[in-house]
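Open the viewer and keep the selection tool at hand.

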Amino acid sequence: MSGPVNIGLLGLGTVGSGVLRLLEQNGATIAQKLGRPLKISRILVRDKHRLRQVEVNPDLLTTDPEAILADPDIPIIVEVMGGTGAAREYILKAISRGKSVVTANKDLLALHGKELFDAAAARGVDLLFEASVGGGIPIIRPLKECLAGNRIRQVMGIVNGTTNYILTKMSREGRDFAEVLREAQSLGYAEADPAADIKGDDAARKMAILASIAFGTRITYPDVYREGISHLTAQDISYAADLGYAVKLLGIAREDEEGIEVRVHPALVPLNHPLAAVSDVFNAIFVEGDAVGETMFYGRGAGSMPTASAVAGDIIEAARNLQYKTRGRISCTCFYEKPLKPIGAVITKYYLRLVVVDRPGVLASIAGVFGDREVSLASVIQERMIGELAELVLITHRVREQNLQEALDVLAGLPVVKEIACVVRVEGGEKG
């Protein structure tokens, strides 16, 4: 067996600690698979004296990035520090010095992926990022390699565990959003500032990465349409269940003859769809290809050890490429420039909840507004009375979003419509 492959680890937080722990506990097995051991030789931290989540030799710690980036005996850099400032600088320096890079940084890739991949290709080194989407779920390499012979039609998934936990609890226990969010924060499933999760930003970054790979064109985070979940109520989730749907925050990427749509928003999913059964903090990514048909990748989408699992797989890949002098083997797959569809061009079905005056002719006037904008209603249910008002729940047939929005704008001005309380897209099948 040859000598060890030295690794420089940038960051020793939740993911970095998991990587260190995993390489230590499974080091012997990894060495057998690789033909040589992996060795973390230096670790970049902000404070060498703070309490750690994992036991570590203090001699490995440094606060000087150059102690790692300029070391000629460290051929692989693992970036798990996060952020888009220093992380970008360090990755570009590592690449320029001929080092392969493994990163879990979805924020950085979703904004600056082209710059980083171009630099890696020019230098002939690996830039591997399996852990950037889906935690421990293998999805990047399957899309790039295992499904390379397919034309991907759709990638749709639950890619944020925090929001999935919240929606699961709201569904099972009939509790409102704010209450469940507080519980998720107390359990460590949601950050003190949960905005990136509950507004859909985290999922949007992941979908930018997945869509870029799936469709061979560059999609960045600002390109992704996104809506959060804070407006959803326990009542809407209950109505959806009565109609045969679960409510999930979905990331959706599709390609058709008009272009590519990439969006993140809550959606009603038929209960017989595989994604409807994905609960708590788990993630699942549903992929449809022209040859393979429908496949789904399921597992833990975050956490120290699941994410470390994906990072470790990339480290082994980079080390093997070094051993056989095949670095740069998995390069950027964004070969094309394809048009991106605006949200108004998306065609899907919708769930609507309206609060209206309870008197004859109201439903006819509402139906007339929808008909004038070519919005066809699949079902209309009066759910409950609220004093002198009635609550209507409607499901549309498939319709272009621009048409629906125009109809809603007119409805909002009708005296008989007191509130457009909820609008949620319906995805994942033709139910209802």
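Before you start, note that this is a predicted model.

**Stop one: two helices.** Select helix H4, residues 86–96, and helix H5, residues 106–123. How do the two run relative to one another? Their axes come within 9 Å and cross at roughly 10°. Angles under 35 degrees count as roughly parallel, so H4 is roughly parallel to H5.

Now show the side chains where they meet. On the H4 side, pick Ala87, Arg88, Ile91, Leu92, Ile95 and Ser96. On the H5 side, pick Leu108, His112, Glu115, Leu116, Ala119, Ala120 and Arg123. Colour them by class. The contact of H4 with H5 has 8 nonpolar, 2 polar and 3 charged residues.

**Stop two: aromatic rings.** A pair of aromatic rings is described by the distance of the centres and the angle of the planes. The count here comes to 4 aromatic pairs. Select one of them, Phe282 and Tyr298. Why is this pair called stacked? The ring centres are 5.2 Å apart and the planes are at 5°. Planes under 30 degrees apart count as stacked, so this pair is stacked.

Next, trace the chain between the two. Phe282 is in strand E11, residues 282–289. Tyr298 is in strand E12, residues 293–300.

Phe282 has 21% relative accessibility, so Phe282 counts as partly exposed. Tyr298, at 47%, also counts as partly exposed.

**Last stop: a charge over a ring.** Select Arg205 and Tyr221. Arg205 lies over the face of Tyr221, at 4.4 Å from the ring centre.

Notes. Residues numbered from 1 in each chain as written. Predicted model: local features only at pLDDT ≥ 70, side-chain atom pairs only at ≥ 80, totals over all residues. Heavy atoms only, no water. Phe/Tyr/Trp six-rings, centres within 6.5 Å; stacked < 30°, edge-to-face > 60°. Helix = DSSP H or I, 4+ residues; strand = E, 2+ residues; numbered from the N terminus. Buried < 20%, exposed > 50% of the residue type's maximum accessible area, 1.4 Å probe, protein only. Lys NZ or Arg CZ within 6 Å of the ring centre and 35° of its normal. Axes fitted to C-alpha atoms, helices over the stretch in contact; angles between N-to-C directions. Parallel < 35°, antiparallel > 145°, perpendicular 65-115°, else oblique. Contact = heavy atoms within 4.5 Å. Nonpolar A, V, L, I, M, F, W, Y, C, P; charged D, E, K, R; others polar.
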